[in-house]
Amino acid sequence: MACVVFFVFEAHNEGMDTTRLIATGEAARLLGCSRQHVVDLCDEGKLAVVRKGGSHRYVRRSDVLGLLGPPLTRDQEKSRWLHGAIAGHLVTEPDLVLTRARENLDRFSKVHAGTMAERWLDLWRLTLNSGLDHVLTVLVSDAPEATELRQNSPFTGILSEEERKRVLDSFRNHWHSEHAHDA
Amino acid sequence: MTREQLAHVLRAVSRIAEDPDVLVIGSQSILGSYSEDELPPEATGSMEVDTAFFIDPDQAKSDLVDAMIGELSQFHNEFGY
């Protein structure tokens with residue numbers, strides 16, 4: 001089975017001067033939102049405007065990254081890699097993946113009735129009904145809610161054991177080579 | 001996750017790693033002392049439980065457990081956690 005894997009990763013602190021000023025357009029790109037939303041954050045005082053040049057506003061890159069929250073833990077990033085592989089299947093076999101996920105939601109909701117996990121599964125149901133683009137975003141986003149959703153995933157039975165093993169091996173090498181200094 | 005489900009996971013983890021001493025990390029650890037009936041829903045956390053071992057210098061045990069019954073595994077698919 002062919003599989004296309006893609007990730008939307010932001011490099012947060014890799015050699016960047018986080019104190020430098022950036023325009024609201026670049027801030028929007030980092031946050032994964034519209035430029036207008038960044039302007040709203042500035043107007044609401046949630047993001048400090050450091051300097052105005054003509055019609056342009058500038059904000060500190062570090063302030064923008066602060067809105068994204070702390071970097072993902074090893075387990076959280078591993079989960080994102082596994083769900084990145086799921087994203088590959090979703091774009092090639094969307095009906096199959098969504099059907100499997102919905103079936104799993106029904107099964108898992110019975111298993112977790114009355115617990116916090118049931119609430120996350122309900123949120124997955126809403127997400128699956130919000131369109132493929134939104135599902136793709138949640139599968140690979142590092143936003144706190146997406147990270148929490150992936151910890152209660154309905155996307156089982158989609159990756160083969162061999163495929164899952166390859167993702168875990170690949171992630172282990174990635175983490176060792178790129179994040180070992182974080183520990 | 002319920003106390004019974006946590007016990008199921010811990011038995012599997014211990015058997016796979018061949019280690020009787022398993023450390024439960026995070027919010028699910030409270031289920032070791034109280035059942036879910038005695039706790040608010042928020043305390044039951046997610047369908048996952050994070051575990052570690054007191055002796056696992058190269059993370060070989062953790063990696064083995066992850067490969068066998070970790071996220072999106074057949075175990076996860078069968079039991080829902």
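Buried denotes a relative accessible area under 20%, exposed over 50%, and partly exposed in between, with a 1.4 Å probe and protein chains only. By this scale A:R125 is partly exposed, at 26% relative accessibility.

The model is predicted, with local features requiring pLDDT of at least 70 and side-chain atom pairs pLDDT 80 or more, whereas totals for chains, interfaces and linings use all residues. Residues are numbered from 1 along each chain as its sequence is written, chains are lettered from A and ligands numbered from 1 in the order in which they are written, and side-chain values use heavy atoms, without hydrogens and water.

**Interface of chains A and B**

The size of an interface is often given as the accessible area lost when the parts come together. Chain A and chain B bury about 2,200 Å² between them, 48% of it on carbon and sulfur atoms; buried area is the accessible area (1.4 Å probe) that two parts lose on being put together, summed over both. In this interface 30 residues of chain A are in contact with 26 residues of chain B, contact being heavy atoms within 4.5 Å.

Across the interface, 13 residue pairs are in polar contact, both residues at pLDDT 80 or more. The elements that give two or more residues to the side of chain A that touches chain B are α4 (74–92), α5 (94–111), α6 (116–128) and α9 (161–178) of chain A. Of these, α4(A) gives the most, with seven residues. Helices (H or I, at least four residues) and strands (E, at least two) are DSSP runs, numbered from the N terminus.

B:D66, in helix α2 of chain B, is buried at 15% relative accessibility. Its side chain makes a polar contact with the side chain of A:K78 at 2.6 Å. A polar contact is a pair of N or O atoms within 3.5 Å; within protein, one must be able to donate a hydrogen and the other to accept it, and residues adjacent in sequence count only if both atoms are side-chain atoms. Leaving aside neighbours within four places in sequence, B:D66 is in contact with A:K78, A:R164, A:L168 and B:E71.

**Salt bridges**

A salt bridge is a side-chain nitrogen of Lys or Arg within 4 Å of a carboxyl oxygen of Asp or Glu. The structure holds 13 salt bridges over all chains, and the count between chain A and chain B is two.

| Salt bridge | Closest N and O atoms |
|---|---|
| A:R125 and A:D106 | 3.6 Å |
| A:R172 and A:D169 | 2.9 Å |
| A:R172 and B:D63 | 3.2 Å |

B:D63 lies in helix α2 of chain B and A:R172 in helix α9 of chain A, so this pair joins two chains. B:D63 is buried, with a relative accessible area of 17%. Salt bridges that share partners join A:K165, A:D169, A:R172 and B:D63 into one network. Within it, A:R172 and A:D169 both lie in helix α9 of chain A, three residues apart, about one turn of the helix. A:R172 is partly exposed at 29%, as is A:D169 at 26%.

**Backbone in chain B**

Phi of B:E18 is near 55°, a positive value in a residue other than glycine; B:E18 is exposed, with a relative accessible area of 72%. Phi of B:L72 is likewise positive, near 65°, but B:L72 is buried at 3%.
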